[in-house]
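Load the model and colour it by chain. Then read along.

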Number of protein chains: 2
Amino acid sequence: MHILLARSFKQTFLDEMNALGYDVVVDTDSFDWHDVQVTIGWKKEWEAPLFSKDSQLKWVHSISAGVDTLPLSEFASRGILVSNASGIHSESISDHVVGVLYMYTRQLFAATLQQETHQWGLDDAVFKPLSELTVTIVGTGNIGTTLAHRLVPLGVTVFGINRSGHAKEPFHETFSLDQLHEVGRKSDIVINILPLTRQTTRLYDQAFFATLQKHAAFINVGRGESVDEQALSEALTTEQFAFASIDVATTEPLPPDHFLWSTKHLMITPHISGYTPHFETKFMEIFLPNLREFTASRTLVRNQVDLEQGY
Amino acid sequence: MHILLARSFKQTFLDEMNALGYDVVVDTDSFDWHDVQVTIGWKKEWEAPLFSKDSQLKWVHSISAGVDTLPLSEFASRGILVSNASGIHSESISDHVVGVLYMYTRQLFAATLQQETHQWGLDDAVFKPLSELTVTIVGTGNIGTTLAHRLVPLGVTVFGINRSGHAKEPFHETFSLDQLHEVGRKSDIVINILPLTRQTTRLYDQAFFATLQKHAAFINVGRGESVDEQALSEALTTEQFAFASIDVATTEPLPPDHFLWSTKHLMITPHISGYTPHFETKFMEIFLPNLREFTASRTLVRNQVDLEQGY
């Protein structure tokens, strides 16, 4: 049987798959689509051959943590298992967010922009120690928890938001997603890490941004579609709140003429928060144990996606 | 007797000085220079009246940690005590440096510059976890030690350099200033926090920058005069090493046509690393105990500057 790859991996990992009895192929190889049982990653053009009647596809392992771009209901109706790369990016996304927090509180974003104008000095700059901030992390899963573990020792007050509002270590307080606006009002910084689902699409809209305090900041390292980008741009332009940083956008790559590029007080990074130099090793620490279990029992041991919930 | 101020402070602090029997004046007030016994801060134009024969000046308390701009040998020959604001800026400078480290390792400086061009994506960007870095802090005093305490829990290997090379907590290893080039060779990042003295003037020259590895970075939050800025600019332009961030320059404010502004791979911030919202409170935690002791015994209890050493 075949494992079909959407990207390359080091030979040592391919050897481990071969040792379990699989032929590893990429879609430019010549192979029989009928023999594909497992894929790593997914491409739109694979739908025709792999959703055909004689397909033996049983399991799709996503390369990213988010699976919102995958045809989940098709997988569900065909009984295809889905797992994701959740957990791999926790450290790097946490580093990215902590970096952005320092850039905001220490005026390093403003200074970098100003450097381009060759002017020394920053007018009216306000410097805040992280230890005096209340930061709300929306999403208390892998990434949110890793980030909270970074912030608590820095003296930050860390609130968490999840669907039910259940308590979770090391968050000081947790709230349910229904309470987002109420929590927004008392936060200095709100960070979105939620996966994209129906419930989280356009969650951050005009009404949400209106709850933020004048000095507050918003950071999105979840999915672009969770934000009403027009409303974000307007709230920043009219200085309803002070600063936003987005690593994701509804349209990626963001086209050069997009209005977000010229929105004041907005920092844009090109979906880099998850980059880690150890991607393959960490990825295979999820995939290979799953492949062993799948080979033995057609079930998975880690990171299986609930196709109903979408994450 | 008068305490002469180079800047204003909150009334509550002035009240405490009054309660100890002093009249607080600023140099636009009308007062008798002969009655000035203490100054907070220093101005060039005070030298004529306060170094005159009938001056009763006994103590100068610097507003900054560095006293390199003060006429130290004049103070020494006149028996004038000098103290400084060392310690006040440790937390904020440490925050600034940690922010710069994340900006470098997570490519947030490169992304911010690129945002100006409206281009999504970063070519050849390398992302490094802080935990895999060896960072050398040159200067193991107040600020260096506070910074080291931030970096050790992040998994960073932290070397320290001081004059004698004496061990200091929490540095993993310490070296003497004579070993700077040897330590530069094995560091991923070198951070200068030294005060400006004869020994530290132009310490970072062409020969030093030549020791750095191709991927290395240099950060200066000490004094601009410790760096040969022409050599720094050339080393960055020719990519001898990868990145530098300076918060200080030989000429401040840096003139708009200065060559540093257009040096590639160089981040320039306008001497903001020490800014703290709690400056006055922290400052007075040093000055007021000193004033009480000075009033009682003409000696100081904290932060006295060794006029021979210059810090």
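The text below goes from the pairing of the chains to two single residues.

This is a predicted model: local features need pLDDT of at least 70, side-chain atom pairs count only at pLDDT 80 or more, and totals for chains, interfaces and linings use all residues. Residues are numbered from 1 along each chain as its sequence is written, chains are lettered from A and ligands numbered from 1 in the order in which they are written, and side-chain values use heavy atoms, with hydrogens and water left out.

Now the interface. Contact means heavy atoms within 4.5 Å. On that rule, 47 residues of chain B meet 47 residues of chain A. The copies meet through the same surface, because 100% of the interface residues of chain B are also interface residues in chain A.

The size of an interface is often given as the accessible area lost when the parts come together. Here chains B and A bury about 4,100 Å², 68% of it on carbon and sulfur atoms. Buried area is the accessible area (1.4 Å probe) lost on putting two parts together, summed over both. Between the chains, 14 residue pairs are in polar contact, both residues at pLDDT 80 or more. Such a contact is a pair of N or O atoms within 3.5 Å; within protein, one must be able to donate a hydrogen and the other to accept it, and residues adjacent in sequence count only if both atoms are side-chain atoms. On the side of chain B that touches chain A, α4(B) gives the largest share, eight residues.

Next, B:Thr112. This residue sits in helix α5 of chain B. B:Thr112 touches A:Met103, A:Phe109, A:Thr112, A:Leu113 and A:Met267, leaving aside residues up to four places away in sequence.

Finally, A:Thr39. Strand β3 (residues 36-40) of chain A holds this residue. A:Thr39 is also buried, at 0% relative accessibility. The residues that A:Thr39 touches include A:Trp46, A:Trp59 and A:His61. A:His61 is 22 residues away in sequence, yet 6.1 Å away C-alpha to C-alpha. A polar atom of the A:Thr39 side chain lies 2.9 Å from the backbone oxygen of A:Gly41.

Terms used:
Helix = DSSP H or I, 4+ residues; strand = E, 2+ residues; numbered from the N terminus. Buried < 20%, exposed > 50% of the residue type's maximum accessible area, 1.4 Å probe, protein only.
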